[in-house]
Amino acid sequence: METNYLVVDMGTGNSRVGLVSADGTIWGIRNYENQYYKDKQYEDAQYFLPEEWEQNLLDGCKELLEEFPDHPVRAITSSGARESIVLYNKEGKAYLGLPNIDNRGRAWMAEIEDCTFIYEKTGRWVTEDFPAAKLMGYRKKYPEEFESIAKITSLSEWIGEMFTGKLVIEPSQACETQLFDIEEKDWSERLCKDYGISMDILPEIAKAGDSLGTIKKEMADELGISNDAEFIVGGADTQIALKSVGMGVGDVAVVSGTTSPVATITDYKYYDKQERCWTDSNLGGDTYQVETNPGVTGLNYQKMKAFLFPDTSYEELEEEMAKQTEYLCTASFSSLYFSEKRSLKKGGFVMKAPFDATMKPIHLIWAVVADIACSIYVQYRSLCEMTGHEKEYILGCAGGFQSKMLCQHLADLTGKKLIIRDGFSQASINGCLRICNAYYGIESEKEAEQAETIYTPKEDSLILEYYKEWLKNRQMLNP
């Protein structure tokens with residue numbers, strides 16, 4: 001009997017549902033935009049309503065299953081954006097979502113005293129980005145509503161509760177809360193006390209690949225799937241994406257999407273006294289993921305293309321960029337200087353004065369792609385200074401690597417082969433696929449013999465010359 005999975009991938013700007021077979025065939029995908037609302041009680045706060053997202057999600061599931069009735073679903077699983085949580089009330093209803101872009105805790109971060117201890121235990125700096133700070137901010141403005149919270153969980157495990165009624169959280173998401181001791185692999189009473197949060201609202205830990213049991217009968221009936229279909233625990237989107245490329249201990253990989261985390265897997269908890277990285281729980285919590293991040297990258301390319309080349313395909317742009325033999329400007333649009341824990345507030349194009357009459361829009365877009373490559377390379381170098389990287393290759397996945405120009409730039413800068421494996425652009429779906437296949441003991445031919453494209457470093461590449469000037473100009477913009 002054919003085995004298929006429904007995969008729910010909860011992103012920041014958009015979310016989607018995919019129907020995929022155990023052999024890796026993606027039958028169909030449905031996308032929808034995530035709706036947010038501003039909370040005017042704060043300077044910078046946003047929230048979402050879980051019931052609205054749930055309806056979009058279920059509509060997408062129904063559309064897929066109606067379009068592909070001959071592909072029965074054996075299991076459902078999910079991945080979710082990190083740093084986002086869903087709140088449940090005492091009636092067990094998911095009533096409020098606090099997304100990663102919500103910064104309601106920012107005004108009270110100075111109240112957190114022992115930041116070094118928190119970094120050591122959680123692998124994360126004390127900032128408003130993480131759910132502990134969001135909950136702290138919620139308590140400050142909505143004390144009664146805060147006291148009514150019965151449980152919280154992450155986006156990916158909210159999906160699990162929706163389909164099964166069982167509420168858990170995966171270590172890869174628990175570590176994002178800043179209430180989880182990544183070495184003890186459990187909730188920390190001390191961390192909860194620091195943020196004024198009761199441990200009672202924290203869910204049970206369940207590992208990626210665990211079964212939450214069968215789908216609720218009413219949900220299975222509504223979707224028209226078997227009452228025997230199970231929900232398999234997924235996890236955080238970055239870790240799921242890295243799962244798709246078969247990443248192991250000692251590998252380094254880049255997930256190039258809206259942002260571009262650069263990560264390695266260790267079998268020990270790495271701690272950096274200079275606090276230049278994040279140390280995450282990997283899927284299951286048995287290994288660790290050490291990462292740096294240049295911030296916003298792919299979104300810059302997307303927006304600049306829409307501005308400069310709205311009627312040109314990415315393929316045509318790639319062909320024109322490949323013809324360039326000189327650069328006439330540098331670009332700086334990435335948003336983080338990760339190792340220094342600071343945002344890059346200023347960006348733009350830097351070029352010689354007076355304006356060069358030979359300058360064309362293609363020079364600008366070439367510089368934007370080069371900026372992404374250089375920004376990733378800076379983070380790669382920083383990671384190597386901490387954990388080292390002895391292997392002769394780097395792995396890459398996610399949609400950003402559809403740019404062959406970016407791929408070659410990165411290989412040239414790092415001096416390492418860049419391996420892009422088949423299915424890279426659907427990394428979250430393929431990572432979830434691997435988790436489900438492992439649960440059922442299935443090894444598909446596509447997994448066993450995953451086709452790959454290898455980019456080999458070139459000497460005297462234009463990007464090597466560009467990098468030196470880019471670094472100098474970015475420092476000038478952000479001293």
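Modeller: Buried means under 20% relative accessible area, exposed over 50% and partly exposed in between (1.4 Å probe, protein chains only). This is a predicted model, in which local features need pLDDT of at least 70 and side-chain atom pairs count only at pLDDT 80 or more, while totals for chains, interfaces and linings use all residues. Residues are numbered from 1 along each chain as its sequence is written, and side-chain values use heavy atoms, with hydrogens and water left out.

Colleague: What is the relative accessibility of R276?

Modeller: D272 and R276 form a salt bridge, their closest N and O atoms being 2.9 Å apart; the term requires a side-chain nitrogen of Lys or Arg within 4 Å of a carboxyl oxygen of Asp or Glu. D272 is buried, with a relative accessible area of 4%. R276 also counts as buried, at a relative accessibility of 14%.

Colleague: How are α10 and α12 oriented to each other, roughly parallel or roughly antiparallel?

Modeller: Axes are lines fitted to C-alpha atoms, for helices over the stretch in contact, and angles run from 0 to 180 degrees between N-to-C directions. Helix α10 (residues 298-308) packs on helix α12 (residues 361-387) at an angle of about 170°, with axes 9 Å apart. Angles under 35 degrees count as roughly parallel, over 145 as roughly antiparallel, 65 to 115 as roughly perpendicular and the rest as oblique. The two helices α10 and α12 are therefore roughly antiparallel.

Colleague: In which strand does D280 lie?

Modeller: D280 forms a salt bridge with R124, with 2.4 Å between the closest N and O atoms. Both D280 and R124 are buried. R124 belongs to the loop between α2 (115-122) and α3 (131-141), so the pair ties together parts that are 156 residues apart in sequence, D280 lying in strand β18.

Colleague: How many residues apart are E222 and K62?

Modeller: The side chains of E222 and K62 meet in a salt bridge (2.8 Å, N to O). E222 is partly exposed at 39%, and K62 is partly exposed at 24%. E222 in helix α8 and K62 in helix α1 belong to distant parts of the chain, and their separation is 160 residues.

Terms used:
Helix = DSSP H or I, 4+ residues; strand = E, 2+ residues; numbered from the N terminus.
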